[in-house]
Amino acid sequence: MADKDRLTAWNRRGVIAGGAAAFAAPFVRPARADTPLVSPDEALERLMEGNARYVANTPINTDHSVGRSARALGQQPFATIVSCADSRVAPELIFDQGPGELFVIRAAGNVISDYGLASLEYGAAVLGISTILVLGHSSCGAVSATISAVEDATLPGGHLSGLVNAIRPAVEDVMADNPPDLLAAATAQNARLGAQKARSTAPILSDLTQSGRLKSAAAIYDIATGKVEFL
């Protein structure tokens, strides 16, 4: 099926509704026959299996030259990963996926800006991605800095203040419970809030979520063990 025909079919089935259809209409999605569209549950299972291979040091995606010519024709990733910009967090490695398999959005503290939302919308409405995973990680410097800012009632200089304010709700949510590990609790809550934002932002992401076409989840990556814990 041609890309325009596929988008039209989604419209006719009511899968992409309202704003999502309006957003997707001007774009053409180049298909990759070697990576079919998968359901949200299938995508999450694929990520879990890939992480298990990574932890066991038995990767299967080691030859990145395979499929290079096909990738030049277009992309068809099966999942979107919103991750921290931390240099130790590499989604393709963590989930043992090759080039073109993941649509990755990275920012310190895995925060989702307006540009991030636009990228999520593009991935879901145009590329046909069914799963968004917001991935926090252990020892996150951005979350730690936000905790310090909240506790000291101060803000860092430059644009860092905007980052702190984006993560602040997660920190304040968990501080009242006085958790034994505030950093871990705030990191998990930050990922959960990110997943909530990804599923509830109108009109495109919320429409796709309500139709069952899109699922958003949260997880934490442990840098020391390599394991991803799905929340």
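**Briefing: pocket, cores and cysteines**

The largest pocket has a volume of about 220 Å³. Its lining comprises 14 residues, and those closest to its centre are V111, I112, A166, N190 and K197. The model described here is predicted.

**Lining of the largest pocket**
- Two elements, α8 (160-175) and α9, each give two or more residues to this lining.
- The largest contribution comes from α8, with five residues.
- By residue type, the lining divides into seven nonpolar, six polar and one charged.

**Nonpolar cores**
- The largest nonpolar core has 19 residues, of which V82, I112, L120, I132, V134, L205 and L214 touch the most other members.
- Two or more residues of this core come from each of α6 (114-126), β3 (131-137), α9 (182-200), α10 (204-210) and β4 (215-221).
- A second, separate core has 17 residues, among them L44, L47, V89 and A219.
- Leaving aside residues up to four places away in sequence, L205 touches L117, L120, E121, A124, I132, A198, R199 and L214.

**Cysteines**
- The whole structure contains zero disulfides.
- The cysteine sulfur closest to that of C84 belongs to C140, and because the two lie 4.3 Å apart, they are too far for a bond; a disulfide requires sulfur atoms within 2.5 Å.
- For C140, in turn, the closest cysteine sulfur is that of C84, at 4.3 Å.
- C84 counts as buried, at 6% relative accessibility.
- C140 is also buried, with a relative accessible area of 1%.

Key. Residues numbered from 1 in each chain as written. Predicted model: local features only at pLDDT ≥ 70, side-chain atom pairs only at ≥ 80, totals over all residues. Heavy atoms only, no water. Core = buried A, V, L, I, M, F, W, Y, C linked by side-chain atoms within 4.5 Å. Buried < 20%, exposed > 50% of the residue type's maximum accessible area, 1.4 Å probe, protein only. Helix = DSSP H or I, 4+ residues; strand = E, 2+ residues; numbered from the N terminus. Contact = heavy atoms within 4.5 Å. 1 Å grid on protein atoms, 1.4 Å probe; cavity = no way out; pocket = protein on both sides within 12 Å on 5 of 7 lines; lining within 4 Å. Points joined across faces, edges and corners; volume = space filled by probe spheres on them. Nonpolar A, V, L, I, M, F, W, Y, C, P; charged D, E, K, R; others polar.
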